[in-house]
Amino acid sequence: MITVEHYVAVSALLFVIGGVGFLVRRNVLVTLMSIEVMLNAANLALVAFNRSRMAHAASQTYPGPSHTGQVFVFFIIAAEAAEVAVGLAIVLAMFRLRQTVRTDDADLLKN
Amino acid sequence: MLSLFPVKDYALIAVILGMPLLGAFVNGIWGRRLGKPAVKMMALAAVGVSFLAAVCTFIALAQAVSDDRDARLSWTAWEWMHTTGRDATNVPVELKFSIDQLSGVMMLIVTGVGFLIHLYATSYMAEDKGYARFFAYMNLFIFSMLVLILGDNLVVLFVGWEGVGLCSYLLIGFWYDKTANAAAGKKAFIANRVGDFGLICAMFLLVQYTGALDWHGIANGAASLVDPSDFARVHVWPLSRGEYTGILSFLQPGYFQAHHVPFLQDHTPSAPVTISAATAVGLALLLGCTGKSAQIPLYVWLPDAMAGPTPVSALIHAATMVTAGVYLICRLCFVFVLSPFVMNVVAVVGVATAVLAATIALVQNDIKKVLAYSTVSQLGFMFLGVGVGAFAAGFFHVFTHAFFKACLFLGAGSVIHAMHARVHDDDQAQDIRNMGGLRKWLPLTHWTFFAATLAIIGFPFTSGFFSKDEILYRAFVDGTVNPLAGSSMLRHVGVYAPPPSLGVWLYGAAVFAATMTAFYMCRLYFLTFWGDFRGWTVGRPSLLAKQEAAHEPAHAEDHGDEDDEAVHEHHEDLATPGYPPHESPWQMTVPLVFLGAFSIFTGFLNPGLGVMTEKPMEHWLEPVFKAASDGAVVFRHGNDKVWAEHLEWPLTVGGIMAFLLGTLLAYWMYIARKGEPAERLAKAFPGLHQLVLDKWRVDELYEALPIGAVDSLAEASAAVDVALVDGFFARLTSLVVAASGTILRAFQTGVVHTYGAMMALGLAAVVWFLGMPHPKATIVDAGGGDYVIHAAPGVGYGYRWDGDGDGKPDTTDFGGETKLKVHLDPGKSTTVHLEVKNAFGLVKSAELHVERPAAPISSL
């Protein structure tokens, strides 16, 4: 039996992987992917909690099942898509300008 | 009219006020695009409709007061604000307008004379670039003046008061590209600011002592201004009842006596000096009036104000705005009569101004300067009239003066207009030494100027004769007494007693001023219109007609110097023959004819000397002044009415002698002897002549003393600013900013990962904060020794209390109880422990100290 704790543990693991990746890697594309991993960790937690809550509600007299968590995930996916579109556009522009996708080189505002 | 607009809600006032405002708005915003004809129509229509509405209103007012003599037409736009009076009373300030007999007459003068002057200006200003701007300002002035007159309380009046001041400033500096004009505008504005300070102080005092700012409320509360009790006394020394110690202790009464300081111990009061609130309010109001009405000590701005266009001088600086001070004194006459001292100050200031300004006018050569000093002098007569308690006589002089002085100024404008045909320099075109003999070529201007001159010099049975003679007569026989003198003396409060021979002095000085008036006005008239023309050589008509046909100026050929053609445009050779000065167009002469006729005939609205059995104007204005004058304004010589009436004819002799003497002297000097005696006099006393020509050098005195003091203060402040503020504080501030910038710059690496790491650190701190329980509580005193301790709420919190102080929790489990009650005896204290456990199972505890203060001993 896979309980909600298992899901949350996986979600936390994913979040840590994404966070460390974001902080450590210098490639913009990887950084973006790390952000995606973190967002998906949040998505997983939301879906898991929603599912467990619905099972809990079915056993008690609760005013109807709620899909808030799952619907929330759709919104996050939509926001992610938009973010990736903007992010990739910025990466492209940066590459054209500096011939690189390393974050260390994006320091035009410094000094 | 009254069925359409009820007395209490007379909304037609909105039209009277609104039309000039509309005109100012339209001409001010779109004037340049509308073009001159449209601007002209707008400006004239605005004032014209306002005048028609004013006439209708006046008729309605006449109907209303025939039923009830104290009726007034009023209209409340909205309630503006509240303020708080003494004893926390509510003093409402409404945007309310009302018309009674006094403001009704003023309203007719402002809109009627205003319309004539607008008509005049459409032609006078025809060539000016700022045509629309000029009429926008003029209409705005009419609006402001109407607000001043019709306002039902001091605050609304003050709005109009400032509005006319602003328009005056804008119009004096109308030709702002000339530095002198801009400076004159500033001078007028600043001199008026000094007066406005007084007016504002008066408002504060009135709210404090009478608890009202509207006319009705001030009248009702006026008695408390002369309350002999200590609260209604204003402390002059020591200032504001202060206690001065240490280095300032010499400001305490009795200091000089106690320390035996030579001279000062005999010449300073040993007890506190107080004046009644009525005196304080009156003096403050008087300061405001001297500013607006150009009296000593603030008269200096008016002569300089002649830098503005001549219609402005006629409308603002002769007929309407400058009489606002007299209007205010009439309006608040019930406050002024409560202080005979202030009344005497008003009269003395008036007569002193009349004499001083007349002496200066004797020798001035600029036609507008003579008229300006004449205005100051005539305003002095008005102050004299209201100062002796003859409010109707003073106001009647406002009325007649509006006509004859406007006529004189417009006549002067017509003359200047004619002179400008060939004399292009402003100062030269206005110099009466360049005029002369103009009655031949400017017949209408001459006759109207003549009529107005007759009025101002007091030719028998003209308007000026009646109004000025009434003031002279009243100055001799009238005086004011404190209506509550008896009760004040019973309570050992000093009462001011006017000098017994004051009336004789006032009369004598006023007659002296009237004599000078007759002299300088006739001098002006003779030099301008009689004798030979001195402006330029007038060619023979037959010769000039031929030149016009050839379309070629004669002088260019005569000189045979074609190259100078362009130069001649600016520096015309006045010796070469040219056309004679020309009469002005009808837009300028029609107002002159009207005003000239009014100057002659309006005297019969209030004739003295028993010409009519009842004086219509005085009868009309009686309800406004009656309540104030009764008991306060008395005849000198023991309030002997018969004695006063017998003196009317004898005292007229003084006025007529003044007229005859001044006129004949001027005729002898300037016509019979062609100005030779005047030159001889000037040569005999060159120093005195130069001193008077320099206006007694009062401007220089002001420049040296008050302005010099302010300048030194400004220089000292500037030095402090440079050394302390710029040198130390500014550098210190910039040092702090630069230092913190240097430190913070270290964190701005520009590397995305650093920022990301910092974000992660911050996030961790937030998580840590939210993950920890926070045992916080507030202690509430429930009274009677009971204290309730409220624990702060939090998500998933459980609480465990230790209320009995044994060091162990009262319960073993954490519960939801967020409150704990404690009872303490007086002077005791206890310590309570609170443990909080959050959803993660973390526990934290806090110590809370509760103490009850000891009971006061007096409770036994």
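I call a residue buried if 20 or more other C-beta atoms lie within 10 Å of its own. With that in hand I looked at chain A, where buried residues make up 11% of the 111 residues. A reminder to myself before going on: this is a predicted model.

**Confidence**

The model has an ipTM of 0.77 and a pTM of 0.76. For chain B the mean pLDDT is 87, and 94% of the residues reach 70 or more.

**Chain A**

I went through the secondary structure next. Chain A has three helices and zero strands, and along the sequence the pattern reads α-α-α. I also looked up how far apart in sequence its contacts reach. Of the contacts in chain A with a separation of 6 or more, 54% come from residues 24 or more positions apart.

Then I turned to where chain A meets chain B. Nine residues of chain A and seven residues of chain B take part in the contact. On the chain B side, I noted four nonpolar, three polar and no charged residues.

**A helix pair in chain B**

I picked out helix H20 (residues 463-477) and helix H22 (residues 502-529) of chain B. Their axes come within 7 Å and cross at roughly 155°. Angles over 145 degrees count as roughly antiparallel, so H20(B) is roughly antiparallel to H22(B).

Who makes the contact? From H20(B) I listed Lys468(B), Leu472(B), Ala475(B), Phe476(B) and Val477(B).

**Sheet S7-S8-S10**

On to the strands of chain B. An open sheet of three strands runs in the order S7-S8-S10, with antiparallel pairing. Its edge strands are S7 (777-783) and S10 (819-823), each pairing on one side only. From one strand to the next the twist averages 25°.

I walked through the pairings. S7(B) and strand S8 (residues 786-791) of chain B are joined by six bridges and run antiparallel. Along this pair, Val780(B) stands opposite Val788(B), and Gly783(B) has Asp786(B) as its bridge partner. The hairpin of S7(B) and S8(B) has two residues between the strands, and there Gly784(B) takes a positive phi near 65°.

On the S10(B) side, five bridges join S8(B) to S10(B), again in an antiparallel run. Here I found Ile789(B) opposite Leu820(B).

**Sheet S9-S11-S12**

I found another open sheet in chain B, built from three strands in the order S9-S11-S12 with antiparallel pairing. S9 (798-802) and S12 (843-851) are the edge strands, and each pairs on one side only. Ignoring direction, neighbouring strands of this sheet are turned by 25° against each other on average.

Five bridges join S9(B) to strand S11 (residues 829-837) of chain B, and the two run antiparallel. In this pairing Trp801(B) has Leu834(B) as its bridge partner.

I kept the backbone angles for last. Most residues other than glycine have a negative phi, and most peptide bonds are trans. Which spots did I write down against that background?

- The peptide bond from Ile296(B) to Pro297(B) is cis, with omega near 10°. Pro297(B) sits in the loop between helix H10 (277-292) and helix H11 (301-304) of chain B.
- Gln99(A) is a residue other than glycine with a positive phi, near 55°. Gln99(A) lies in the segment after helix H3 (68-98) of chain A.
- Lys674(B), also a residue other than glycine, has a positive phi near 55°. Its place is the loop between helix H30 (648-672) and helix H31 (676-684) of chain B.

Buried or exposed, I asked of Gln99(A)? Gln99(A) has 8 other C-beta atoms within 10 Å, so I logged Gln99(A) as exposed. For Lys674(B) the count is 12 other C-beta atoms within 10 Å, and 12 or fewer counts as exposed. Lys674(B) therefore goes down as exposed.

Definitions and conventions:
Residues are numbered from 1 along each chain as its sequence is written. Chains are lettered from A and ligands numbered from 1 in the order in which they are written. This is a predicted model: local features need pLDDT of at least 70, side-chain atom pairs count only at pLDDT 80 or more; totals for chains, interfaces and linings use all residues. Axes are lines fitted to C-alpha atoms, for helices over the stretch in contact, and angles run from 0 to 180 degrees between N-to-C directions. Helices (H or I, at least four residues) and strands (E, at least two) are DSSP runs, numbered from the N terminus. Angles under 35 degrees count as roughly parallel, over 145 as roughly antiparallel, 65 to 115 as roughly perpendicular and the rest as oblique. Two residues are in contact if their C-beta atoms, placed from the backbone, lie within 7 Å. Ala, Val, Leu, Ile, Met, Phe, Trp, Tyr, Cys and Pro count as nonpolar, Asp, Glu, Lys and Arg as charged, and the others, Gly among them, as polar. Two strands pair if DSSP finds at least two bridges between them. pLDDT is the predictor's confidence in each residue, from 0 to 100.
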